[in-house]
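Here's a quick briefing to read alongside the model. Have a look at the structure first, then work through the notes below.

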Amino acid sequence: MTRYPEILDGLIHGSHRWLVTGAAGFIGSHLTEALLSLGQNVTGLDDLSTGHRENISAALRESGCTDGKNFTFINGSITNISVCREAVRGCEYVLHHAALASVPESMGDPVHYNNVNVSGFVNILEASHEYSVKKVVYASSSAVYGGGGA
Ligand SMILES: NC(=O)c1ccc[n+]([C@@H]2O[C@H](COP(=O)([O-])OP(=O)(O)OC[C@H]3O[C@@H](n4cnc5c(N)ncnc54)[C@H](O)[C@@H]3O)[C@@H](O)[C@H]2O)c1
């Protein structure tokens, strides 16, 4: 973070509302922790299909946000546009990390993976557009040649 002093300075001096999808997952929970540590207001959206509540507890604990004052958790799926609207409403920034990440499992159930990873992503974009979110950032896959063992 020290490589981006202007961004860090902006976060320290102003609180913004963020939606982190996949907040109970690996990347989402660490982003949640970092944002809460900087005094930001975070909504976490996750259906807990592969993520863990313990990741969220750890993010709250490590960021010192033990009263949960700046954090709201929504247990729901990005495949439901109503859930996406509820989560996005009032947020300025969306960090989209909700996904099914197992390449081998996607081969066995491509329709479900497409529903979550593609249609769910479109739902998040649609809701973000409706509520005039300033920026949506999402994670792509690991690498062009990677992913076989993911
Ligand atoms: N971990 C890495 O090294 C890495 C590297 C590059 C890209 N990525 C990408 O970043 C994203 C997140 O990766 P991760 O490692 O944090 O994955 P993760 O599996 O730890 O987290 C994904 C989260 O999404 C949630 N989720 C799944 N389906 C959902 C749904 N329908 N609605 C709401 N939540 C849902 C899961 O419960 C989980 O908590 C993925 O798209 C992954 O491909 C990860």
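**Loops, ligand and a few landmarks**

Leu48 sits in the loop that links strand 2 (41-46) to helix 3 (53-63); helices (H or I, at least four residues) and strands (E, at least two) are DSSP runs, numbered from the N terminus. Keep in mind that this is a predicted model, where local features need pLDDT of at least 70, side-chain atom pairs count only at pLDDT 80 or more, and totals for chains, interfaces and linings use all residues. Residues are numbered from 1 along each chain as its sequence is written, and side-chain values use heavy atoms, with hydrogens and water left out.

**Positive phi angles**

- As background, most residues other than glycine have a negative phi.
- Leu48 is not a glycine, yet its phi is positive, near 60 degrees.
- Leu48 counts as partly exposed because its relative accessible area is 23%, and the cut-offs are under 20% for buried, over 50% for exposed and in between for partly exposed (1.4 Å probe, protein chains only).
- Ser132 also isn't a glycine, and its phi is positive too, at about 55 degrees.
- You'll find Ser132 in the loop between helix 6 (110-130) and strand 5 (135-138).
- With a relative accessibility of 61%, Ser132 is classed as exposed.

**Around the ligand**

- Which residues come nearest to the ligand? Out of the 22 residues around it, they are Phe26, Ile27, Asp46, Gly51 and Ser140; a residue is near a molecule if one of its heavy atoms lies within 4 Å of it.
- Sorted by class, that shell holds 10 nonpolar, 10 polar and 2 charged residues. Here Ala, Val, Leu, Ile, Met, Phe, Trp, Tyr, Cys and Pro count as nonpolar, Asp, Glu, Lys and Arg as charged, and the others, Gly among them, as polar.
- Ile78 has a polar backbone atom 3.0 Å from a nitrogen atom of the ligand, a polar contact being a pair of N or O atoms within 3.5 Å.
- For Asp47, a backbone N or O atom is 3.3 Å from a ligand nitrogen atom.
- Ser49 has a polar backbone atom 3.3 Å from an oxygen atom of the ligand.
- On its own the ligand exposes 830 Å², and the protein buries 79% of that; these areas come from the Shrake-Rupley method with a 1.4 Å probe.

**Buried spots**

- Gly25 is in the loop between strand 1 (17-21) and helix 2 (26-37).
- Is Gly25 buried or exposed? Gly25 counts as buried, because its relative accessibility is 19%.
- Gly25 and Ile78 are 53 residues apart along the chain, and 14 Å separates their C-alpha atoms.
- Val83 belongs to helix 4 (residues 81-88), and at 14% relative accessibility Val83 is buried.

**Exposed and partly exposed spots**

- Ala101 is in the loop between strand 4 (93-96) and helix 5 (103-108).
- A relative accessible area of 61% makes Ala101 exposed.
- Between the C-alpha atoms of Ala101 and Leu35 there are 23 Å, and the two residues are 66 residues apart along the chain.
- Ala139 is located in the segment after strand 5, and it is partly exposed with a relative accessible area of 36%.
- Ala139 and Glu92 are 47 residues apart along the chain, with their C-alpha atoms separated by 18 Å.

Notes:
Polar contact = N/O pair within 3.5 Å; in protein donor to acceptor, adjacent residues only side chain to side chain.
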